[in-house]
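Trainee: I would like to learn how to read a structure like this one. Please take me through it feature by feature.
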Amino acid sequence: MKLFDVYPLFNITPAKAQGSWLWDDKGEKYLDLYGGHAVISIGHSHPHYVKRLSEQLSKIAFYSNSVQNNLQVQFADKLGELSDYPDYQLFLCNSGAEANENALKVASFVTGRKKVIAFKKAFHGRTSGAVAATDNPKIVAPFNAGHEIVFVPLNDERAFDQALNNEVAAVIIEGIQGVGGIQLPDDTFLQYIQKKTEANGSLLILDEIQSGYGRTGKFFAHQHAGIKAHLITTAKGMGNGFPIGGLFIHPDIKPWSGMLGTTFGGNYLASVAGLAVLEVMEKENLIDNAGIIGNYWMNELKNLSQITEVRGRGLMIGMDLPEELKQVRSNLLFNHHIFTGEAKPNTIRLLPSLAITQEEAELFITALKKELK
Ligand SMILES: Cc1ncc(COP(=O)(O)O)c(C=O)c1O
């Protein structure tokens with residue numbers, strides 16, 4: 001069977017990985033500053049993570065939801081503590097899109113409404129229709145014809161006010177827009193929409209799937225604005241490559257049996273992977289490291305005159321290059337063996353492991369300066 005050809009791929013086959021480094025099947029070494037779209041949080045093949053997963057695999061691998069799974073409880077406790085949301089409830093699933101689907105479902109269940117405000121250029125996932133094609137009223141009401149979405153520009157208070165009314169179940173916003181080119185909501189805008197959303201009886205959903213998990217120097221990007229959300233979605237960095245998604249749910253929202261569900265979410269291996277990631281993040285102070293290396297990069301990049309704009313926080317950085325320098329990303333890969341990401345054309349995205357070292361960060365700046373000359 002052939003693979004369904006939907007991804008533009010580089011002709012490089014990773015065969016081994018350690019920390020911020022990858023080796024291909026020919027033994028060539030690469031610095032990975034993209035981590036599979038912000039997935040590699042603690043570094044590739046971290047020994048503590050590999051040990052924890054291997055030990056678990058030798059006991060019980062899967063099976064999750066019909067029996068007590070204490071690992072899920074330990075994972076939730078640790079996550080609540082490190083994220084500073086200890087009083088919230090956690091629903092575990094397998095991906096970012098699923099976490100957002102569940103957030104939208106919860107918002108509709110709680111409010112009885114089905115309108116959603118989202119922001120232009122945001123990205124929340126690639127699912128559609130599964131719930132709409134299900135007629136079990138316990139699962140789908142009150143949004144069985146799907147949600148109705150209104151898009152407004154980011155950081156535009158007037159447009160937001162115009163869209164907000166008593167039919168709105170939820171407002172969904174990324175902590176920092178990733179796929180949309182690393183666009184930051186202003187702290188004041190986040191504070192504004194939090195206040196307005198709450199006063200309107202709607203729920204605020206913070207999509208921290210890419211911007212969360214310590215990447216910006218705080219556990220979640222929205223915490224820089226000093227706000228709290230009713231629902232927070234997370235995925236990517238949670239499992240350092242093991243597929244895990246999570247939904248944080250405000251303590252006032254009461255669950256009922258069957259309200260949400262999943263086959264694989266929170267299975268034993270996922271829970272151990274998630275726990276191991278948090279243990280390493282805590283022991284190695286990776287959130288602080290993300291802030292420190294991120295500041296170093298931001299300062300260096302702002303001094304490079306060929307870069308038209310640099311945006312970001314911590315280790316979530318986007319830089320715009322002029323049209324004539326659009327080759328820089330592939331030159332970094334083929335001339336210097338450095339993987340980066342891209343967003344819109346000519347925006348290079350940096351989303352490395354939170355464990356990246358100062359020396360590794362300097363290698364990138366040296367290579368970039370050579371390519372910009
Ligand atoms: C902000 C954001 N939300 C949701 C998703 C969807 O996550 P997944 O691909 O795990 O379904 C992504 C993926 O890139 C994302 O960046």
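Trainee: How many aromatic pairs are there?

Mentor: Rings of Phe, Tyr and Trp (its six-membered ring) pair if their centres lie within 6.5 Å; planes under 30 degrees apart count as stacked, over 60 as edge-to-face and the rest as tilted. By this rule the count is 14 aromatic pairs. One of them, Trp297 with Phe364, is edge-to-face, at 5.5 Å centre to centre and 70° between the planes. This pair links distant parts of the chain, 67 residues apart: Trp297 belongs to helix α9 (residues 286-302) and Phe364 to helix α11 (residues 358-372). Helices here are DSSP runs of H or I, at least four residues, numbered from the N terminus.

Trainee: What kind of model is this, and how are residues numbered?

Mentor: The model is predicted: local features need pLDDT of at least 70, side-chain atom pairs count only at pLDDT 80 or more, and totals for chains, interfaces and linings use all residues. Residues are numbered from 1 along each chain as its sequence is written, and side-chain values use heavy atoms, with hydrogens and water left out.

Trainee: Which residues are around the ligand?

Mentor: A residue is near a molecule if one of its heavy atoms lies within 4 Å of it. Those around the ligand include Ser95, Asn100, His124, Glu174 and Asp207. Helix α4 (residues 96-111) gives the largest share of the shell, three residues.

Technical notes:
Helices (H or I, at least four residues) and strands (E, at least two) are DSSP runs, numbered from the N terminus.
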